[in-house]
Amino acid sequence: MAAESDTAAKAAASAQAAKSPAKRKRQDAAECGGDADAGEWKGASGGDDRVDNDAAVAKGAAAAASSSSSPAKKARTSPLPAIFRARSDYDAVLLDIEGTTTPIAFVHDVLFPYVRSNLLTYLEENADSEETKDDIAALVKQAAEDKAVAGEAASALLDIPDGEDVEPERRIFGVREYVLSLMDADRKVTALKALQGHMWRAAYESGKIAGQLYDDVERALRLWAKLQLPVFIYSSGSVAAQKLLFGYSTAGDMLAYFKGHFDTKVGSKLEAASYTNIADRMTFPPERILFVTDNIKEARAASEAKMSVATAVRPGNGPLTETERAEFPVCESLLQLVSPDS
């Protein structure tokens, strides 16, 4: 019963922290020795009992998840085996988001539907802001590039009304239709990601949505911080969107645990050159970086760039074939990648 009371207390504390972003930032920055408001990462926290408790949990590789109503939690009846040992096997961590730290359902059932439902209203209400003007200009440019590539087969959606004599309503409607077509095609172009990130920022800040994390993520981040191992994010979502998800998460503000963020500006996640570029920016040899993703194509690209790789198998992720499972070590929890004895 004491454990249940402690769990309930932590849940209540997290819920309260979520209501006060500034308070969350101060608390989490203090815990890991970083300045969250300045975006500074300083490694391990000193003397945090929760970190020591998490080390005991991870020592057996991972604890069985306790029962919870959270869709990000998966109950187990036995510990998971350790796969990699920090320091011995790697010196830095590079994490994917969707399907790795965050349920795919959150992205597809919460974030994307929010954009679709609120797109026209957002564009109309913010049409005079410089940020939205820049977003629209970038989308008009992207549509023109798409049209040039498509040639005679170009869709009419690529003809976004533009020019000084075009009524703002027509341009906004054209941008809306083009954005929806990009989302329908699952295009990951920077112009689209920028607009989505700005819309999500407004939703996070207003409390309409909160970033969801798998239950092991916070504990793994605390352990990596204690070991002073830098953790980076690489996602197709914009850096701004990444920071919003972790800054306004259900676990509180996690930003102080990350040393850096990368998005598609550094290159496609399916190209080895992108991971080589990231390794250079991280200032670590690629073979000393551990990349974790649920996408086998991304895993192959990172491996080609000489990074160590673990593929994440999470509830709601697409299944891996037996051949794909054999390519790289498979993890069901990030705690399998952290060994406190390393």
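Figure 1. Thr-283 belongs to the loop between helix 10 (272-282) and strand 4 (289-293). Helices (H or I, at least four residues) and strands (E, at least two) are DSSP runs, numbered from the N terminus. Although Thr-283 is not a glycine, its phi is positive, at about 60 degrees. Most residues other than glycine have a negative phi. As the model is predicted, local features need pLDDT of at least 70 and side-chain atom pairs count only at pLDDT 80 or more, while totals for chains, interfaces and linings use all residues. Residues are numbered from 1 along each chain as its sequence is written, and side-chain values use heavy atoms, with hydrogens and water left out.

**Figure 2. Arg-87, a partly exposed residue with a positive phi.** Arg-87 is not a glycine, yet it has a positive phi of about 75 degrees. Its place is the loop between helix 3 (49-59) and strand 1. Arg-87 counts as partly exposed because its relative accessibility is 37%.

**Figure 3. Strand 2 and its parallel neighbours.** Strand 2 (residues 231-234) directs Val-231 and Ile-233 one way and Phe-232 and Tyr-234 the other way, and all are buried. Strand 1 (residues 92-95) runs parallel to strand 2 and is joined to it by three bridges; two strands pair if DSSP finds at least two bridges between them. Within this pairing, Leu-94 has Phe-232 as its bridge partner. Strand 3 (residues 260-262) is likewise parallel to strand 2, again with three bridges, and Phe-262 of strand 3 stands opposite Tyr-234. Strand 2, helix 9 (residues 239-247) and strand 3 together make a right-handed β-α-β unit. A crossover is right-handed if, with the strands pointing away from the viewer, the path from the first strand over the helix to the second runs clockwise.

**Figure 4. Nonpolar cores and the surroundings of Trp-200.** The largest nonpolar core holds 68 residues, of which Tyr-90, Trp-200, Tyr-204, Trp-224, Phe-246 and Leu-337 touch the most other members. Such a core is a set of buried Ala, Val, Leu, Ile, Met, Phe, Trp, Tyr and Cys residues joined through side-chain atoms within 4.5 Å. Helix 4 (residues 104-125) gives the most to this core, with nine residues. Apart from it lies another core, of 22 residues, among them Leu-94, Tyr-275, Ala-299 and Phe-328. Leaving out residues up to four places away in sequence, Trp-200 touches Leu-111, Phe-112, Tyr-114, Val-115, Ile-209, Ala-241 and Leu-244, where contact means heavy atoms within 4.5 Å.

Figure 5. The structure holds six aromatic pairs. Rings of Phe, Tyr and Trp (its six-membered ring) pair if their centres lie within 6.5 Å; planes under 30 degrees apart count as stacked, over 60 as edge-to-face and the rest as tilted. Tyr-204 and Tyr-248 form a stacked pair, 6.1 Å centre to centre with 25 degrees between the planes. This pair links distant parts of the chain, 44 residues apart: Tyr-204 lies in helix 7 (residues 190-205) and Tyr-248 in the loop between helix 9 and strand 3. Tyr-204 and Tyr-248 are both buried. The rings of Phe-246 and Phe-258 have centres 4.7 Å apart and planes at 55 degrees, so this pair is tilted. Phe-246 lies in helix 9 and Phe-258 in the loop between helix 9 and strand 3, twelve residues apart, and both are buried. Tyr-234, Tyr-275 and Phe-291 form one aromatic cluster.

**Figure 6. Val-140 in helix 5.** Val-140 is found in helix 5 (residues 130-150) and counts as buried because its relative accessible area is 15%. With residues up to four places away in sequence not counted, Val-140 touches Ile-160 and Asp-162. Val-140 and Ile-160 are 20 residues apart along the chain, and their C-alpha atoms are separated by 6.4 Å.

Technical notes: Buried < 20%, exposed > 50% of the residue type's maximum accessible area, 1.4 Å probe, protein only.
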